Amino acid sequence: MESILFYAFATLAIGSALLLVNLKNIARALFLFFIVLFAMAGLYLFALADFVAITQIMVYVGGVLILMLFAFMLSNKELLKDLQDSSGSFLNMPRWQAIVLALGFLTLLILGIREWQQSLPTWIQQARENNTEIIPTDNNIQQIGLRFMTFYVLPFEVISIFLMMALIGASHLSRKERNR
Amino acid sequence: MIDTILHILVPVAIFTFIAAFTLFAVYAERKIAGFVQDRLGPMETGKYGSLQTIADILKLLQKELITPTSADKILFRIAPIIIFVAVFTGFAVIPWAKDFIPANTHTGLFFIMAIISIDALGILMAGWGSNNKYSLLGSMRAIAQMVSYEIPVGLSLITVVMLTQTLNLNEIAIGQGIMTNGSIKFLGFWEVNEIGGFFAWNIFQAPHLIVTYLIFFIATLAECNRAPFDIPEAESELVGGFHTEYGGIQFAFIFLAEYAMMFLVAMLGVVLFLGGWNTPLPNIGAIRLADWTTGLAWGIFWTLAKSLFIVGVQMWIRWTLPRLRADQLMSLCWKVLTPLAFVCMAISAIWRILIIA
């Protein structure tokens, strides 16, 4: 049952991602992007990362995607025509470059699979032996919170300062200038 | 095998409940509207018009599905489904009685917040797919409003979670009555573990939580796009808002989602602030009112009674207050509710450190 669901989510993610890059209609492409993100969240659940899955939906679907749609719907038609007309836009790379990128990524993936030793990583084995393993039915959120405030407090604070900078920048950009 | 059957039965039961609730709520809404405006409301169909909504839904089910020629066919068709499913999924993590909850997860509250934000996407899809300027304007207004009001909702939820220390809605509900293991203090000074009743509800556990519940109530009213925050529909300006082009069963689903959302936020408020399935009656000495009115059936009864009461208040407000203008709506959110919610959150942090711990 679980493996069926896993492959269903995986096919959904890959299939809609492929369709997404081939679609000319930007509005539909953005809604397809939602399906990709949602299927990714489903895959995170199979990795026992329910917190990450929900955060993915909350941040990307509830925030980023809606902002993208908003920006798309507020921009004028001429601008969109330029975007939809794929020749001459700077994101549109010549074919050979795209192929080089894709091949490079494929080699990376193959190397990764070859490195994988078909066994559990040592840190999981150690945790199993010491009985400090965290199982999926445990309260993961409490663990995450404790780790954030102790072990990973520096990265956590750096992220919050970064977000603060983004907020100040956004409010500065959207401010009305009275002098002009 | 039994698990699989249960996994199918529970959603079907919840769906049946939502459909029945919507029929009842639409009738109640029209009667309340009639009462507020000093008229009778529906009177013709059945005794006191009680069959009116059943007649309405039968009419809607029979209607032809019309898709406008210039609409984006796929998006137009999918949108009502996404809107309804997003709201419907939210019911998965809300408890009806002690341990009587479809999915008892540690991330319950967070899950609801995330899943409700998908609703906004469905509305945008409906507005864009209809290819009608009123629909698009309505859905733009709806999204601007929902995205803004998600912030005070989120902050007021954090204010509660800081005190309860869990995101599991089942545990949050347990912590507000006589079944709890922790200590409950009425306004932070009077231990009420034995007494229970409404003294033990979260809303009375700290004075600032009363303000927080008000913020939560106002902001969720706006999340449901209901009057006085119904500028996305605004019949007098936008025809019908984002669902102008919908008819038949598709419209029925959008309507169902709106009422399901009302009930969902009412229930969420009840679980977080008003004691969930805990009884409002306290133990007074030998008269063990709280002990007598606690149990599975009582739990479901109290959840339903409290939630329906809150839905009633939502309807009462809808027919009493005039609609807010778009700029008033935004300034209420960003200049009043959000700063107030931040203050409450700060008080909650201090409360946790100084008074509880």
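**Ground rules.** I am working with a predicted model, where local features need pLDDT of at least 70, side-chain atom pairs count only at pLDDT 80 or more, and totals for chains, interfaces and linings use all residues. Residues are numbered from 1 along each chain as its sequence is written, while chains are lettered from A and ligands numbered from 1 in the order in which they are written.

**Chain A.** I looked up the secondary structure and found 8 helices and 0 strands; helices (H or I, at least four residues) and strands (E, at least two) are DSSP runs, numbered from the N terminus. Of the 180 residues in chain A, 11% are buried, meaning that 20 or more other C-beta atoms, placed from the backbone, lie within 10 Å of the residue's own.

**Pro95(B).** Where does Pro95(B) sit? I found Pro95(B) in the loop between α3 (73-90) and α4 (108-130) of chain B. Pro95(B) counts as buried because 24 other C-beta atoms are within 10 Å. Leaving aside neighbours within four places in sequence, its contacts (C-beta atoms, placed from the backbone, within 7 Å) include Phe100(B), Leu169(B) and Trp277(B).

**Where A meets B.** I noted 19 residues from chain A and 19 residues from chain B in the contact. On the chain A side, α2 (26-46), α3 (50-74) and α7 (140-149) each give two or more residues. The most come from α3(A), with 12 residues. By class, I noted 14 nonpolar, 3 polar and 2 charged residues on that side; Ala, Val, Leu, Ile, Met, Phe, Trp, Tyr, Cys and Pro count as nonpolar, Asp, Glu, Lys and Arg as charged, and the others, Gly among them, as polar.

Key
A residue is buried if 20 or more other C-beta atoms lie within 10 Å of its own, exposed if 12 or fewer, and partly exposed in between; C-beta atoms are placed from the backbone. Two residues are in contact if their C-beta atoms, placed from the backbone, lie within 7 Å.
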